[in-house]
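These are my notebook entries on one protein structure. I record what I looked up and how each term was defined.

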Amino acid sequence: MSITAADVNKLRQMTGAGMMDCKKALTEADGDFEAAIDFLRKAGQKVAAKRAENATNEGVVLVALSADHSNGKLIALACETEPVSKVPDFNNLAQSILEAAVKSHAPSASALLAEPLSDGRSVEGHIIELTGKIGEKITLAAYENIDAEKIVSYIHSNNKIGVLVAFEGVEGTDVTEVGKDIAMQITAMKPVALDKDGVDAETIQREIEIGKDQARQEGKPEAMLEKIAVGKLEKFYRESTLLNQQFVKDSSINIRQLLEQTQKGLTISTFKRVALA
């Protein structure tokens with residue numbers, strides 16, 4: 001059958017796909033709009049499969065807090081190139097995904113991908129469709145959902161790093177200012193864990209081996225390598241675990257001491273840092 005410009009434009013309005021893609025889809029579907037939409041979605045799946053190994057270091061990080069700041073959600077929608085991260089369709093989808101997370105209180109990224117958006121189709125389906133439309137890999141790179149007595153959030157100026165800090169023992173204290181300071185510290189200093197006991201065994205063993213190797217290269221006796229490496233591990237804890245890090249605004253105290261000075265009994269139960277890089 002003959003495919004008219006009006007038909008092509010109608011499909012474009014329905015899907016947001018390019019004119020040539022819409023024309024091809026309608027031609028393949030013999031003018032059947034539903035079949036043409038399916039064709040476009042399958043095209044998106046093919047693009048997604050073809051670009052599955054491509055790096056996605058660009059995109060946008062968004063955050064949402066509940067009205068009482070007791071819940072925080074953080075998402076990262078990633079793409080391959082910076083220009084795509086500026087496209088309205090990309091940013092509108094990111095906002096829709098965040099809204100779906102808030103509405104559903106999805107417990108995990110996989111659960112969020114299955115959540116329906118306003119048209120009833122899943123988050124994952126929309127990502128695949130936009131992948132086909134734009135022509136590069138798009139992925140839900142991260143999703144965090146945490147609860148606490150009080151949560152403070154921070155989005156870095158490039159919109160590619162986001163942080164949630166969960167406070168307990170607030171007792172009416174306004175932790176907004178100190179929370180922002182700590183969130184900015186997490187952004188810059190990249191702690192691997194909250195405290196020593198949160199560092200995984202693999203990381204500890206790696207640091208010990210690095211410490212031994214450094215001591216060996218410095219000519220230290222083999223019998224002393226383990227002791228030296230353990231000492232270096234303590235330095236690693238001070239530099240790489242949040243509560244033991246020096247406060248960047250006042251190096252005379254660490255974050256644990258900053259909390260105690262702010263409010264006796266104030267603690268951080270967890271933090272989440274999401275970055276696209």
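**Entries on loops, charge and overall form**

I looked up Lys 190 and found it exposed, because its relative accessible area is 52% (exposed means over 50%, buried under 20%, partly exposed in between, with a 1.4 Å probe and protein chains only). The model is a predicted one, in which local features need pLDDT of at least 70, side-chain atom pairs count only at pLDDT 80 or more, and totals for chains, interfaces and linings use all residues. Residues are numbered from 1 along each chain as its sequence is written, and side-chain values use heavy atoms, leaving out hydrogens and water.

I placed Lys 190 in the loop between helix 8 (176-189) and helix 9 (201-217) (helices are DSSP runs of H or I with at least four residues, strands runs of E with at least two, numbered from the N terminus). Its phi is positive, about 50 degrees, although Lys 190 is not a glycine. Most residues other than glycine have a negative phi.

I next checked His 69, which lies in the loop between strand 1 (58-65) and strand 2 (71-79). His 69 also has a positive phi, near 60 degrees. It counts as partly exposed because its relative accessibility is 34%.

I then turned to Glu 34, which is part of helix 3 (residues 33-50). Glu 34 counts as exposed, since its relative accessibility is 54%.

Finally, I noted the whole protein. It has 11 helices and eight strands, and buried residues make up 42% of its 277 residues. Its C-alpha trace spans about 85 × 50 × 25 Å along the principal axes.
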